[in-house]
Amino acid sequence: MDYPKLDKIRGTTTPLQLDVVESFARGRLSRREFIQRGAIVGLSMASISAVIAACSSSTPGASGAAPTTGASSGASAAPPVAGGTIRVAAQRPSGPLDPILMQDLGSYGTTAMVFEFLCTSDPSQPLVALAPGLATKWTPNDTGNVWTFDLRQGVKWQDGTDFSSADVVATMERLVTSGNSGLKGVLAAGGAVATDANTVTFNLVTANGNFPYLVSVFNAQTLITPVAFTTGTTLDQKPNGTGAWKLTKYNQASGATFARNDAWWGTSTPLDTVEWIYFDATGPMVTAYQGGQVDVIIQFDILSGKSLLDDPNFNSVALQAALHRQIWMRTDKGQFVDKRVRQALALTFDRPALIQTLFQGKADLGNDHVIAPVYPYFDPSVPQRAQNIDMAKQLLSDAGATGLSATLHCGQILEIPDLATLLKSQAEQAGINLTVAVESLDTFYGAQWCPAAPADPPCSGSAELGIVDYGHRATPDVYLNSALSTKGVWNASQYSSAAYDAAFKEFQTSVGVDAQKTACGKIETILNDDVPIGVPYFYNFLSGSSKQFTGFYSSGLGQAFFATASKVA
Amino acid sequence: MGRYIGRRLLLSLVTLWLLATIVFIIANVLPNDIGRTILGPFAPQESVDALNEKLGTNRPILVQYVDSMFGIVTLDFGDSYITSQPVLPQLVDAIGRSSKLAGLALLITIPLAIVAGLFAARRRDRPADRAIVLLGVTSSSIPEFVTGTILVVVVGVHFHLLPVLATPPPGADVPTQIRYLLMPATAMAIVYFGYIARMTRAGTIDVLQSDYARTATMKGLTTSQMMRHHVLRNALIPTVAVIAVQIGYLFGGIIAVEKIFNYNGMGQTMLFAAQRKDIPMLTAGAIVIGIVYMLATLGADLIIAWMNPRIRLDAER
Amino acid sequence: MDVTVTPEDVLSQASAPNSERAKARRETIRVLIRRPAFFIGVVIMVGWIVTAILGQRITPYDPFNDFDTGQLPPSLTHLMGTDRLGRDVLSRVMVGSRDVLIIAPLAALLGVVAGTLLGLVMGYYHGVVDDVISRVVEAFLALPVILVALLTLVVLGTSPIVVISVVGILFTPIVARTVRSAVLSERQLDYVTAAKLRGESGPFILSREIFPNVVGPTVVELTVRFGYAIFTVATLSFLGVGIQPPSPDWGLTVSQEYNNMISGVWWPTLFPALAIASMVIAVNLIADSLQSVMSE
């Protein structure tokens with residue numbers, strides 16, 4: 001350990017940053033976790049590498065684990081070939097390309113080709129870690145309720161005008177006015193202030209240790225648009241961003257074409273053109289790849305893309321993610337009120353078998369809580385629940401629920417109907433008789449999961465048992481808040497636990513890594529014991545490209561980055 | 001003839017109005033909160049309200065009905081809920097693409113089916129006839145999505161003979177376009193082959209049994225002479241009717257095919273609009289298809305009237 | 001699909017006087033069973049109906065809860081291989097006919113019953129009633145069945161009842177048109193005039209006099225519609241708005257498995273697809289034979 005060097009860095013950090021540095025120096029954070037956390041609290045890349053260098057002599061357990069397969073593998077390969085076109089299979093935008101009001105992955109991806117975020121996603125861990133975008137540095141004050149963002153200098157809009165703090169402030173105002181769900185309750189109107197042309201200060205409503213996530217790729221509407229932009233204007237009407245690509249053609253029915261922006265601030269971009277082709281389902285994307293008509297698939301599911309995993313010419317990328325399913329059980333009325341019944345059902349899950357059958361092993365075990373192993377504050381010390389039919393039977397008979405019979409509701413999406421089928425058969429081993437009811441997503445959400453009425457508390461009209469899908473989030477706040485806290489808006493199990501609510505509050509307000517990890521340990525223990533929701537797995541985010549291309553990566557929210565992508569020589 | 005056409009046209013207009021009304025009724029069984037349905041359960045209520053206001057979907061149902069009927073008359077089918085663009089240009093593009101696909105399917109199937117039908121009729125109840133009838137029943141029994149998938153795997157993925165996506169690169173020449181469309185068109189052609197062949201066969205047999213055909217035979221005409229001069233014209237009447245009806249059906253059956261081949265025609269546009277509750281697009285699509293269908297049946301009626309003057313005179317009486 | 005039977009052909013036989021009707025019917029059946037096409041069709045249909053009824057009692061494996069390794073190719077242990085979850089494809093194909101054998105006949109029946117009623121009324125009362133209903137029927141016929149079914153199912157949400165109603169209602173106008181023209185030619189015949197002179201009421205003449213004489217085309221229409229109903233329901237299931245999982249329905253299975261064909265796993269798709277084809281072919285063979293025997 002190079003103490004003098006480390007001390008020098010310590011002297012320049014804020015308390016929040018210092019906490020992260022200390023955690024790493026003492027070996028409580030792996031290198032990977034350190035990079036991730038460091039970026040959040042605004043440590044510059046230079047400082048991060050300096051700290052790593054200073055500590056490199058002794059960093060026990062710092063594995064620096066790279067993603068399962070090489071998202072970054074391209075970077076080290078042969079020098080990039082200049083020129084060429086890459087053809088991308090993407091989800092079709094389901095609405096106008098309005099950066100502020102858009103709600104779907106197709107729009108997120110298309111707009112993020114042209115516009116940029118203050119913080120972008122880090123290629124080494126694109127699903128959870130931040131990297132500088134239009135902001136080069138971000139620093140919180142001591143309490144974490146004021147954040148200062150230094151903006152990149154010399155950035156130009158594609159129409160040639162200069163990018164400045166006024167653009168950022170105007171964008172933030174539009175977001176707050178239109179009720180951006182991520183910023184709600186965190187940033188109020190007038191909260192973003194331009195200190196000078198290259199600095200913006202955010203005065204938050206409450207302290208928030210994860211604020212940079214809310215102005216990053218992971219809050220997809222926070223793309224920075226020019227000061228003169230208005231809500232309702234779409235990308236195709238005013239294709240004027242700061243990004244590496246210029247929109248040259250857009251047609252929702254077929255696709256979009258982007259040409260290299262030679263005036264981009266970043267390193268020179270090898271490819272000439274990126275062509276997006278829109279699809280409504282993964283199946284045709286896979287067919288198109290097999291037929292040689294696209295080179296990249298931004299995101300695919302294992303159900304229709306299984307063949308890609310075995311394809312020797314396809315470089316598939318499986319990234320650990322927080323994508324999961326919640327099997328909710330009503331805790332306030334019905335047959336699952338008794339905790340032992342809920343535990344019994346969770347004990348019937350054969351998790352490794354589910355992961356193998358449904359995901360070819362490309363998933364992490366779930367332990368009936370929402371802190372995915374991909375998060376840096378995941379506490380692995382809570383014992384993993386495994387299938388135990390005898391114990392399940394015992395618990396059922398203790399609770400007087402032998403011969404339990406219930407309907408398992410779910411929506412018609414991805415592997416969920418198959419999951420329901422497998423769960424039914426596993427539950428049968430313990431004498432639980434489940435009837436699987438699959439409905440179209442609209443019907444399912446509206447009638448089984450969270451019916452609009454009765455509205456208070458939210459979701460109080462939900463079915464007693466069901467499976468609902470949750471997408472990836474860079475932090476678990478949404479899961480913890482909406483699905484599990486008392487009166488949460490998506491709390492289908494009507495879970496209400498003072499102990500849990502306290503632990504969640506502790507997580508939200510804690511700003512240090514240690515503190516967050518401690519809070520997560522409590523959350524995990526409580527949820528694992530109460531089982532308001534069963535969580536059998538967290539499955540990997542899958543994307544990939546033909547081996548003829550390299551250097552592309554994807555954020556997990558539809559956005560894909562091609563600035564360093566190139567043809568292989 | 002003029003009065004006949006006039007009457008047919010007038011009736012078509014009435015039918016069109018009824019059709020538009022039926023579609024409007026179906027579409028408005030929907031939950032009233034169009035904004036919520038479009039934006040999904042996760043969107044904030046403010047955005048939903050704003051969207052409903054913008055779309056005009058919070059107005060009374062009768063106002064919306066009158067508005068939409070008036071729109072049809074002025075060829076204004078409204079803006080798509082999803083893209084906010086007028087739906088008609090999008091539909092015209094999609095219809096254009098679907099017409100190419102359907103046209104190619106008909107081009108493949110009509111000559112083959114007519115020849116097969118005539119051939120079978122002349123060898124009535126002999127093995128060749130039995131085989132063609134059986135083939136016809138079989139081919140029209142297999143849904144397009146089944147033949148489509150099998151073609152994709154065998155021809156596209158296994159042998160790499162034809163592209164698996166039907167959309168040709170922009171600016172492709174005609175042979176290239178045909179190459180891309182060949183597989184989906186074949187999947188569709190197989191289904192229609194059965195109908196058309198059987199109809200031709202039935203029509204030909206009817207004519208061959210008729211009195212004037214017997215007279216012609218007695219006059220000493222050879223079978224092939226008679227086929228050419230008398231039978232063909234009359235036997236094709238039911239066939240023309242079937243082909244016209246099939247044009248309407250083509251647009252229904254095309255949905256599955258376009259889904260498999262990811263071809264952005266009418267079927268895919270409609271499926272996409274249905275999944276996203278894009279009511280203006282769906283209504284306009286159904287009406288436009290209705291118009292195409294009616295034009296086709298009108299055309300068929302005129303052809304039939306021209307082929308068989310008795311029908312024409314009947315109608316004018 | 002709206003190819004209609006030309007009823008005039010069928011009529012010559014059906015309009016025989018009442019006393020001879022039973023004899024003619026016996027004769028028809030005798031001719032029918034001699035036709036190989038009819039025989040094959042009946043054998044296939046009976047086969048599917050029997051497997052549907054016996055279901056799990058005769059399948060080699062439990063089609064729902066018996067999970068072997070996924071995607072095993074056909075072998076002696078699994079004659080048709082296993083599907084993506086490791087279930088026996090043969091067992092699932094055997095029970096896969098159940099839903100469609102309930103939904104399709106009911107839809108066809110609904111369409112034929114409603115269509116026949118409508119057709120009788122239109123044909124008999126002629127005049128304004130006929131003109132008005134005919135316009136509506138025409139308008140319905142201009143709408144492609146699959147598209148309207150898709151629209152309606154998306155709007156109403158999918159359930160077996162809705163699928164039956166939607167398909168049934170969409171078939172109604174087609175049947176109505178066929179029955180109407182049959183009735184039109186019946187009502188000019190002497191026995192109808194006689195009944196009118198006797199002072200019989202319209203409903204009486206329709207149900208007692210005319211209807212028995214249009215039973216022929218109605219029966220043919222029912223078989224034809226049954227074939228189309230299977231075809232339509234399978235396509236709707238493939239598009240995701242028909243029969244819902246976890247049913248082992250064939251059309252649904254094809255839509256769930258067809259992506260895997262690309263990686264060479266063709267058996268879970270091919271066998272259900274062949275099953276659909278065999279059933280529709282069987283029904284159409286029966287319908288075709290009925291039609292041609294009745295027109296002879």
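## Chain A: fold and size

The secondary structure of chain A comprises 18 helices and 22 strands. Both are DSSP runs numbered from the N terminus: helices are H or I with at least four residues, strands are E with at least two. With a radius of gyration of 24 Å, close to the 25 Å of the globule rule for 569 residues, chain A is as compact as a globular protein of that length. That radius is taken over C-alpha atoms, and the rule is 2.2 Å times the number of residues to the power 0.38.

The C-alpha trace of chain A spans about 70 × 55 × 50 Å along its principal axes. Of the 569 residues in chain A, 57% are buried (20 or more other C-beta atoms within 10 Å of the residue's own, with C-beta atoms placed from the backbone).

## Model and confidence

This is a predicted model; local features need pLDDT of at least 70, side-chain atom pairs count only at pLDDT 80 or more, and totals for chains, interfaces and linings use all residues. Residues are numbered from 1 along each chain as its sequence is written, and chains are lettered from A and ligands numbered from 1 in the order in which they are written.

Chain B averages a pLDDT (the predictor's confidence in each residue, from 0 to 100) of 79, and 85% of its residues score at least 70. Helix α5 (residues 87–122) of chain B has the highest confidence, 88, and helix α13 (residues 309–316) of chain B the lowest, a mean of 55. Where pLDDT is low, predicted coordinates should not be read in detail.

## Chains B and C

In chain B, 40 residues are in contact with 40 residues of chain C (C-beta atoms, placed from the backbone, within 7 Å). The largest share of the chain B side, 10 residues, comes from α10(B).

Technical notes. Contact = placed C-beta atoms within 7 Å. Buried ≥ 20, exposed ≤ 12 C-beta atoms within 10 Å, placed from the backbone.
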